[in-house]
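Subject: Structure for your review

Dear colleague,

Please find below the structure that I am handing over to you. My notes on it follow.

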Amino acid sequence: MQQAGTPLADYPHLYIGGQWVAPVDGEQVESIDPSNGRPWARVAFGGPGDIDAAVAAARAAFPAWSRRPGHERAALLRRLADACERAAPELARLETTDNGRALRETRADIGGHANAWHWYASLADKGSGRTIPIEDSVHAFTTRRPVGVVGAITPWNVPLMAALWKLGPALAAGCTVVLKPAEHTPVTSLELARLFHEAGFPPGVVNVVPGWGAGGAGERLATHPDVAKIAFTGEGETAKAILRAGADTLKRYTFELGGKAPHIVFDDADFDQAMNAATGSAWALCGQSCALGSRVLVQRPVYERAVEEFARRAARVRVGPPLHVESHMGPQAHAQQLAKTLSYVEAGVHEGAELVAGGRRITGGDYDGGYYMQPTVFARVDNRMRIAREEIFGPVAALIPFDEEEEAIALANDSSYGLAAGLWTRDVGRALRVSSRIEAGMVWVNTYRYIRWSTPYGGVKASGWGRENGLEALDAYLDVHTTIISKTGQFADPYAS
Ligand code: NAP
């Protein structure tokens with residue numbers, strides 16, 4: 001935890017064209033440590049002019065990078081992977097300081113990033129096309145080409161992971177990138193830039209410009225005519241603003257947006273395992289993850305037991321300074337997010353749900369000034385309540401009872417979101433029936449939040465467009481180019497008769 005009077009960590013430069021440069025029309029902004037509400041770092045924020053410079057650098061780097069043999073791009077990505085592995089403990093510490101996520105979580109998450117960079121390295125020479133059989137007289141084939149300069153815009157809950165999921169496939173495909181991290185969490189993206197520099201990436205291939213979103217660096221990226229694609233993770237309303245702002249430039253987009261995932265527990269499930277997953281996924285990241293199972297649908301015969309178990313386990317969660325390894329849960333990432341979570345607790349009580357655990361900010365002693373929130377459990381929630389419909393992004397579980405399988409499916413799908421879902425049952429037929437009918441990009445059966453670089457990740461409905469991770473991620477950064485060659489060179493004169 002940052003002590004009062006400790007000098008601020010200084011990040012005075014943006015990373016543009018392989019150089020560390022001061023912002024031309026930006027400013028120096030303090031980043032807040034959410035565990036105490038005090039500034040802990042001073043960071044350069046770029047403005048539109050800095051984005052213009054970064055896009056120009058990325059554009060200049062694109063021809064050589066895109067033509068570089070895939071195995072050479074892979075070799076550089078593998079060097080980056082090794083650098084990330086060495087830096088992982090420090091990156092975890094910095095990310096925890098910047099966004100308050102418990103160190104035990106950031107260590108586990110960032111400790112695995114090297115594997116993901118290696119996976120993307122392995123894709124760098126796999127962007128192959130296909131041959132298309134038509135008539136004997138022609139040879140038709142496709143090749144795939146990187147789309148160009150990518151604007152990567154990331155959120156504050158998982159800054160490094162969101163950057164990895166975009167830069168990995170983009171660079172493997174042969175694109176160049178301008179990364180704009182969230183205003184609340186700029187530090188680890190700049191640290192990542194340092195690792196790219198040390199790994200020997202050519203100037204301009206990766207550029208990192210922290211800055212404001214609306215009206216600032218983010219908006220300029222979204223409207224820049226030389227940015228071919230925006231890879232965005234964040235809220236749906238922001239995605240719509242980005243789409244509107246970029247309409248005249250006809251970009252490509254991938255959008256990883258919010259979620260309100262149903263986590264269904266049938267009465268034949270292994271109850272203890274289901275509770276491990278359901279409680280863990282309700283409060284992980286202090287509730288600040290899009291894929292968390294925040295709507296827990298429990299079949300009536302085991303519903304009261306589940307309510308008791310959630311309340312019992314909420315009392316066991318060690319909320320504390322995020323850098324302390326014994327803390328399970330740190331603070332919310334910023335003051336507005338804490339206020340938003342508390343307002344949803346009020347809404348839940350007002351709408352008639354039963355608050356069975358938590359619901360309050362934690363203050364006093366170590367907690368003073370920090371944005372700490374109790375793990376919270378609502379029982380007897382109706383799926384029409386706001387706490388069941390809207391993404392809270394706080395450690396709030398809403399337990400909803402159901403009777404029959406059909407009702408569980410209907411409740412699960414009665415949501416504007418469709419990112420992820422989980423279900424627990426020992427009945428294989430039911431697992432297949434239910435999982436095939438759930439409107440979500442990902443369904444976990446008898447497990448939850450099993451997320452790997454090799455499995456496609458993304459949502460349907462208001463949860464977004466496109467997929468990150470998996471082979472599919474590469475597709476989002478490649479255009480298809482079709483070539484048709486006549487084997488005869490004969491072309492009939494259309495006006496001969
Ligand atoms: P956000 O407010 O939408 O911001 C995301 C990014 O967009 C930030 O870098 C932000 O900059 C920038 N931005 C804001 N307005 C912009 C504009 N008009 N033009 C261009 N850029 C703009 O989201 P957040 O609050 O950081 O993150 C939480 C959200 O992310 C939640 O809804 C969560 O579900 C979603 N999320 C989804 C996934 C997924 O994979 N599906 C993963 C993680 C998070 P500023 O920081 O300056 O506002």
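Two strands are taken to pair if DSSP finds at least two bridges between them; strands (E, at least two residues) and helices (H or I, at least four) are DSSP runs, numbered from the N terminus. This is a predicted model, in which local features need pLDDT of at least 70 and side-chain atom pairs count only at pLDDT 80 or more, while totals for chains, interfaces and linings use all residues. Residues are numbered from 1 along each chain as its sequence is written, and side-chain values use heavy atoms, with hydrogens and water left out.

Strand pairing

Strand E4 (residues 27-33) pairs with E5 in the antiparallel sense over 7 bridges, and Ile 32 stands opposite Pro 39 in E5. E4 and E5 form a hairpin with 4 residues between them, and Gly 37 in the turn has a positive phi of about 75°. E5 (residues 38-45) also pairs with strand E1 (residues 9-11), here in the parallel sense over 3 bridges; Ala 9 stands opposite Ala 41 in E5.

An open sheet of 3 strands runs in the order E6-E7-E25, with antiparallel pairing. Strand E6 (131-132) and strand E25 (478-486) are at the edges with a single partner strand each, so one side of each has no neighbour in the sheet. Strand E7 (residues 138-146) and E25 are joined over 9 bridges in the antiparallel sense, with Val 138 opposite Ser 486 in E25.

The ligand

The ligand is surrounded by 29 residues, counted when one of their heavy atoms lies within 4 Å of it. The closest are Thr 154, Glu 183, Thr 238, Leu 257 and Glu 391. This shell divides into 14 nonpolar, 9 polar and 6 charged residues; Ala, Val, Leu, Ile, Met, Phe, Trp, Tyr, Cys and Pro count as nonpolar, Asp, Glu, Lys and Arg as charged, and the others, Gly among them, as polar.

A nitrogen atom of the ligand is 2.7 Å from a polar backbone atom of Leu 257.

Yours sincerely

Note on methods:
A polar contact is a pair of N or O atoms within 3.5 Å; within protein, one must be able to donate a hydrogen and the other to accept it, and residues adjacent in sequence count only if both atoms are side-chain atoms.
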